[in-house]
Amino acid sequence: MLGMAFGMLRCGFLIIVSGVLASLDDVQMRAAVYKSRTPFKFDLNQVSVIDTAIPRPGQGEVLVQVYASNINPVDHKIVEMVGVAWSYPHRLGSDLAGVVKAVGPGCTRIKVGDEVWGEATTYSEAIHTGGTFAQYASVSESVLGLRPQSMSWVEAGAMPMVALTSYESLSWAARNKTFSQDSTVLILGGSGGTGHVGIQLAKAMGATKVITTCSPSHFEFVKSLGADVVIDYHTQNYYDVLAAKSVDVVYDCVGQAGTGDHAYKVLKQGGHFVTLLQTGMPSVGARLHRPDIFTSAPVCVGACSHFDRIDIISEFVRGGHLKVHIDTTYALEDIVQAYN
C-alpha cells in the first residue's frame, strides 16, 4: 500500500508522498485529477483522487516517486485557460520533490535514485500539467535539479514555483543576477508565497532596502525575512506613504486593478515594474505619461523552470539565504479541502 500526505504552506498547499515502487506493469497509484470538462471555469466538485496507472517515462522524461508537491494559484487558472482542450480525467499539479525511479530514453543528467525537485512547466507541461499531485509523475528531465540536502521533503515540494517565479521577476528587474548599489525594492504582498520568497531573494541579490506591504499580524514574520520597512495596507496606501520616484523596483505579488498606475508614481526614472497578474498592469495613460519605466508580467514556463534556474535557487538555499514557510499539511485524499 502506497502512503501519502498533503500539506498547506504560507504560499499554498503541498502533497507529501511515500511508498515503494513494485512494477510499472501491475501497480496503480493514487492521483488527483480533474474529472470532466468545465469550459473556462474551475469547479472544485470536479477535483477527485482516483486509482490510475503509473505513467511510463517517455523520451527525455524521468519517473519520480513524488514526496511533496505544492498547490499554486495557477493550478486553478490552468483549468480555466486550457482545460477545454484536455482529455479526462486529467492529472493535476506542477511542483514536485521526490526520488527518481526510472529514466526514459535520452536522459543523460538525472539517474535512478537521485533526490530531485523542480517545477514541471516546460511549454508542453504548462499546457497539459505535469501531473505531480500523485504518487508518481513522469516529467521532463530538463526541469529537475538535485534537492538541497538542507531542505526537508516538505520544504522542497513547497518552494519551486514560488521561488522560480520570484527569481524570474527580480532578475529581470535587476537586469542581472544582482541589484545595483543603493537599490530599493518594493514588494506588494510580502507575507504570501511569492512575496515572502521575494523578500529573501531581493536581499540575497543585493537590494539595499526592501519595503513590503502586509497585515500587522505578519509584520514580525516579514521583518525576520529581511524586510526593512513594512506598510500596513489596511490603514495606509504605499503610494501615499512613499515619496514620488523613490523606488527602483516594484514587485507586485497581488495583482489588484490599478496597481500599475499607483506603482508608476513611486518608481524612479528608468524603474522596473513587474506584476504576476495581468490585472495589475498599468493603464495606457500611465504608460504614456511614464515611458521611461520598464514593465513585465512574467509567466514561469519554459526557460523559467529549466534546471539551471532551479540550481540557482539551490545555491540560495545552501547559502542560507532562502527558506519557505509552511503553515499546515493535508493528506492527498484531502486535496479538495486543500484547494478550498
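**How many bridges pair β11 and β12, and in which sense?** In this predicted model, β11 and β12 pair in the parallel sense over five bridges. The legends below take this pairing in context, then move to other parts of the structure.

**Figure 1. Strand β11 and its two partner strands.** β11 covers residues 184-188. On one flank, β11 runs parallel to β12, with five bridges between them. Leu186 has Ile211 as its bridge partner in β12. β11 also pairs with β14 in the parallel sense, over four bridges. Here the bridge partner of Leu186 is Val250, in β14.

**Figure 2. Burial of β11 on both faces.** Is β11 largely enclosed or exposed? Five of the five residues of β11 are buried, so the strand is largely enclosed by the rest of the structure. Thr184, Leu186 and Leu188 lie on one side. Val185 and Ile187 lie on the other. Both faces are covered, and these residues are all buried.

Figure 3. Helix α5 is formed by residues 193-204. The helix lies across β11, β12 (209-214) and β14 (247-252). Its direction is at about 170° to that of β11.

**Figure 4. The six-stranded parallel sheet.** The strand order is β13-β12-β11-β14-β15-β16. The sheet is open, and its pairing is parallel. Which strands stand at the edges? They are β13 (229-232) and β16. Each has a single partner strand, so one side of each is left without a neighbour in the sheet. On average, neighbouring strands of this sheet are turned by 15° against each other, direction ignored.

Figure 5. β16 spans residues 294-296 and contains Ser296. Strand β15 (residues 267-275) runs parallel to β16, and three bridges join the two. Within this pairing, Ser296 of β16 is the bridge partner of Val274. Is Ser296 buried or exposed? Its relative accessibility is 16%, so Ser296 counts as buried. The cut-off for buried is under 20%. Leaving aside neighbours within four places in sequence, Ser296 is in contact with Trp172, Phe273, Val274, Thr275 and Met281.

**Figure 6. Helix α4.** Residues 160-174 make up helix α4, which has 15 residues. From its first C-alpha to its last, α4 reaches 21 Å. That is close to the 21 Å expected at 1.5 Å a residue. Of the 15 residues, 13 are buried, so α4 is largely enclosed by the rest of the structure. Arg175 follows α4. The phi of Arg175 is positive, near 60°.

Figure 7. In soluble globular proteins, nonpolar side chains tend to be buried together. The largest nonpolar core here has 45 residues. Which of them touch the most other members? They are Trp117, Met159, Phe179, Ile313 and Leu322. Helix α4 gives the most to this core, with seven residues. A second, separate core has 16 residues, including Ala32, Phe42, Leu92 and Ala338.

**Figure 8. Contacts of Met159.** Met159 is one of the residues that touch the most other members of the largest core. Leaving aside neighbours within four places in sequence, Met159 is in contact with Trp117, Met151, Ile313, Val317, Leu322, Lys323 and Val324.

**Figure 9. Strand β5 between two antiparallel pairings.** β5 covers residues 61-71 and is mostly covered. Ten of its eleven residues are buried. β5 pairs with β9 (residues 136-140) in the antiparallel sense, over five bridges. Val64 stands opposite Ala137 in β9. β5 also runs antiparallel to β7 (residues 95-103), joined by six bridges. Val62 stands opposite Val103 in β7.

**Figure 10. The three-stranded antiparallel sheet.** This open sheet has the order β4-β3-β6, with antiparallel pairing. β4 (47-53) and β6 (90-91) stand at the edges. Each has a single partner strand, so one side of each is left without a neighbour in the sheet. β3 (residues 28-34) and β6 pair over two bridges. Val33 has Arg91 as its bridge partner in β6.

Technical notes
Residues are numbered from 1 along each chain as its sequence is written. This is a predicted model: local features need pLDDT of at least 70, side-chain atom pairs count only at pLDDT 80 or more; totals for chains, interfaces and linings use all residues. Side-chain values use heavy atoms; hydrogens and water are left out. The expected span of a helix is 1.5 Å times one less than its number of residues. Buried means under 20% relative accessible area, exposed over 50%, partly exposed in between (1.4 Å probe, protein chains only). Two strands pair if DSSP finds at least two bridges between them. Contact means heavy atoms within 4.5 Å. A nonpolar core is a set of buried Ala, Val, Leu, Ile, Met, Phe, Trp, Tyr and Cys residues joined through side-chain atoms within 4.5 Å. Axes are lines fitted to C-alpha atoms, for helices over the stretch in contact, and angles run from 0 to 180 degrees between N-to-C directions.
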